[in-house]
Each structure stands twice: as C-alpha cells, then as structure tokens.
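Please read this briefing alongside the sequence and the model.

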Amino acid sequence: LSDRLAETFKNLRKKGTLSASDIDGTVREIRRALIDADVAFDVVKEFTSRIRERALGDEVSKALNPAQQVVQIVNDELISILGGEQRRLEFAKTPPTVIMLAGLQGAGKTTLAGKLAQWLAKDGHTPLLVACDLQRPNAVTQLSVVAEQAGASIFAPEPGNGVGDPVRVAKDSIKHARDKQYDTVIIDTAGRLGVDAELMKQAANIRKAVDPDEVLFVIDAMIGQDAVATAKAFQDGVDFTGVVLSKLDGDARGGAALSVASVTGRPIMFASTGEGLGDFEPFHPDRMASRILDLGDILTLIEQAQQAFDEEEARQVAEKFATDTFTLDDFLKQMQQLRNMGSIKKMMGMLPGMAQQRDQLDNFDEKEIVRTEAIIQSMTRAERTNPKVLNGSRRLRIARGSGSTVTDVNQLVNRFEQAAKMMKTVAKGGMPQIPGMGPV
Ligand code: GDP
Ligand code: MG
C-alpha cells in the first residue's frame, strides 16, 4: 500500500495547481492502491468518494500548496477511519479488570494474551491468564508456556477433570482473581478455522457470564478480503469493544485495518508485529495513517528505543541530539544497541522513505553493522567527535584502514548526519520535515 501511494503523491507534489483531471487521476490511483492492499471494496468506494469531494472543494483550490492539501486530506480521512484518537484500555473501577479475547483459530489470541500480560505487568499490573480454550488438546499448555514467558500466573481447569466447561472456568477465574488480588484477568478463548455458530455461542456465553470490561477481537492482518465478513460475524455473534491487528509484521500494509475499523466502527487498540512477546504496541491511528502514506513511524521508533535503552542513557542521548554533541561514537553505540531491539529491518522500516527502499532494507544485515563498526573504529578520536574534519585524504585513510571504499565511508557519514539532524528535530519536540511535505 505504502509504495503505491507514495508514488502517486510524489507525482502529485510536482504540480503547482491541480485540475479536476489531476484529482480524478489521483483518486483513481488511491482506489487502486487500496484495492491492491485488500481493503474491502465498499470501504474503498466510500473512502475515495469522500476524498474526491473534498479535493474538488474550496480547501484545495484556495490552498497555498494544493497538492500538499490533498495529501493532508487523505491523511485526515485515514486517521478518521482508523478511529481518530488512540483508544486506551478501560480499567474497571473495582478490580479485577476483565479482558476477553475472541477471534478465529490462528489469529494470535494466545500469543496476544502473553503480550498483554507482559505489557500490563511492566506497568505495575498483576495479570492472570485464563485458559478458556479447552477445545484443542494443546491450548492450555501453550497458554502456560506463554504465561511463564510473560512472568504471569495462569488459571486453568484441574487436569483429569475431563473436558472442562469454558464458561465455568471463566467464572471461577474471576473469583480466584479477587481472592488472590490479581488486578487484571485476560481470558483466552477457543477459535475455529472458519466462523462457526457453536464457537460464537460459546464466546457469547463466556461474555455473558463474566461481563468483561473489554472484549478484544483479534484479527490476522493478512486475512485480506475475508476481514470484513469475519469481523461482522464476530460483531453480531459476540460483539467487541476493540480490535487487535496481529501479524502486521508480514506483507499486509494496513488494508485489514481500514476495512475492519470502517465496517465495525470499533477502534483498533493494539498492533501485534511478531511472534515474540515484545512485538506488540498500542495502535496509534495517526501513526498508521502516516505509515500508509510513507511518512515513516518516527514516534513508534523512538518509543521502542526508549524501552530498550536504559532511561538515563536515553536522557543523555536526547540531550546530545538537542545540543548537537552527538558523535559517531554515540552512533556506533546506538547501532550496537539496536541489535538488542529485535529485528533491525523492522526498525529501519519505520523510517521515512524506507518503504520505497525495501530492496535496500533486505540487504541491511549484520554484515552492514560489522562494516560500520570497522569504519568508525578506523577513525581517530577527533574524527569521531567531530565528523566535519573528515576531508578527502582522511576518508581515503579510513577506507584503507577498514578494508572498505571511500564511497562506503561517505555513505556512513551521510547517514550519520541525516540521523543526527532528524533526531535533533525530534528531540526538540517537533516532527521532522519531510522533503516536499512541510511540517506534519
Ligand atoms: P490463536 O489460535 O488465536 O490463539 O493464535 P496463536 O496465538 O496460537 O498464534 C498462531 C500463530 O501465529 C503462532 O504460530 C504465533 O506464533 C503466530 N503469531 C501470533 N501473533 C503473531 C504476529 O503478530 N506476527 C507473527 N509473525 N506471528 C504471530
Ligand atoms: Mg489459542
């Protein structure tokens, strides 16, 4: 999705004034990009007709920069479909807060239970995971593995009690949580490969029995055009208060997000981006819209960096950015720390413009870090502290010393300068300027 739209907007931005046919052409491209991204057809139709109407109106013809105004409109409308403001979890006034998970088998419910538990525990909560998937033989074991990884407790039927009754287990778990003072209860439920009446009834009965504060519908972002039918079936059968998009780390670029949010009117609350328990983040509609529009997801990037870095270190780095004393040594240290942050590719993918550089991203690997290390380590202390002194002969010496080429050295210095500039803007509290876009 990003690539197509980015291309469309790039062409649009080259223009000073827009004719009706420019707008029609752009709207057609947007429609095609959304359909390619598996956004449901009805949603696409509604979305593009709203864009067209606004783009032909006064706000664009009177704008200083009409093309930019059109991009702004698309951004606004995307945010609005995705739910506007970020929606946070509702906690019960009297604990425990009960969160129930629902969705098809394989959607990522059990994994999400662990992710939520770990995330809540970090925030000082005491979550209890409840095994109400008694359908699959392995489901309880899987949940207990996940609970252990998350450092959370689990509530499951006693083994040997035959097939347990999930409604009963759910009810008992609330009492258990009250007795043992767990402040959040996360109920994992069974799923089927397809929407199925019995499954719906079971989930609805669990819901009725425990009256959860939140019912989260978990949906695989790769599900494509089936997203709408599945979401509607769960809305009719169980109903839910929020949506969690899982497997956003795959090729899906947000098509399901648009469809589900638009068709159900329920906010997307979290995004799952990998199999690990840390691959999880609150969903920010504005950031998703920017990601779709290829502005990059700077804020998410920084939040993840802050979580992975020690806070004091993060403060020092921010200070260095703000005061322009960020050096190549700091850059190297950061790169090394990035390795602890999970997939580097994922991090790079959030930087502006990166969606168009997928090939380059795929080549960004450990070897690149090793090469960067070699280059920086071939520099003198003075050069690392103040890269401005790096003239041609110094660059040649460094290239020889590190077994790389002057082009490699130049690229590294350029990357460093761009990163320092971008981070400085962010550290000062602003969004970075995207060329041709103006401030966001
Ligand atoms: P459930 O049947 O709904 O409980 O789904 P599971 O939690 O068992 O997940 C099904 C499979 O998807 C497992 O192999 C998970 O590791 C995987 N999975 C879950 N969430 C994600 C995600 O966000 N990204 C990726 N890549 N895999 C995921
Ligand atoms: Mg499961």
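Helices (H or I, at least four residues) and strands (E, at least two) are DSSP runs, numbered from the N terminus. By that numbering, helix H6 (residues 109-122) gives the largest share of the shell around ligand 1, with three residues. This is a predicted model, in which local features need pLDDT of at least 70 and side-chain atom pairs count only at pLDDT 80 or more, while totals for chains, interfaces and linings use all residues. Residues are numbered from 1 along each chain as its sequence is written, and chains are lettered from A and ligands numbered from 1 in the order in which they are written.

**Ligand 1**
- The shell holds 17 residues, and Gly108, Lys109, Thr110, Thr111 and Ser272 come nearest; a residue is near if its C-beta atom, placed from the backbone, lies within 6 Å of the molecule.
- By class, the shell around ligand 1 has one nonpolar, eleven polar and five charged residues.
- In these classes Ala, Val, Leu, Ile, Met, Phe, Trp, Tyr, Cys and Pro are nonpolar, Asp, Glu, Lys and Arg are charged, and the others, Gly among them, are polar.

**Helices H2 and H3**
- Helix H2 (residues 20-36) packs against helix H3 (residues 41-55) at an angle of about 160 degrees, and their axes are 10 Å apart.
- Axes are lines fitted to C-alpha atoms, for helices over the stretch in contact, and angles run from 0 to 180 degrees between N-to-C directions.
- H2 and H3 are therefore roughly antiparallel to each other, a term for angles over 145 degrees.
- From H2 the contact takes Ile23, Val27, Ile30, Arg31, Leu34 and Ile35, and from H3 it takes Phe41, Val44, Phe47, Thr48, Ile51, Arg52 and Ala55; residues are in contact if their C-beta atoms, placed from the backbone, lie within 7 Å.
- The contact of H2 with H3 has ten nonpolar, one polar and two charged residues.

**Helices H10 and H11**
- Helix H10 (residues 226-237) and helix H11 (residues 255-264) have axes that come within 9 Å and cross at roughly 40 degrees.
- Ala227, Val228, Ala231, Lys232 and Gln235 of H10 meet Ala256, Ser259, Val260, Val263 and Thr264 of H11.
- This contact of H10 with H11 has six nonpolar, three polar and one charged residues.

**Ala55**
- Ala55 lies in helix H3.
- Ala55 is buried because 24 other C-beta atoms lie within 10 Å, and buried means 20 or more such atoms within 10 Å.
- Leaving out residues up to four places away in sequence, Ala55 touches Ile23, Val60, Val70 and Ile73.
- Ala55 and Gln69 are 14 residues apart in sequence and 8.1 Å apart in space, C-alpha to C-alpha.

Methods. Parallel < 35°, antiparallel > 145°, perpendicular 65-115°, else oblique. Contact = placed C-beta atoms within 7 Å. Buried ≥ 20, exposed ≤ 12 C-beta atoms within 10 Å, placed from the backbone.
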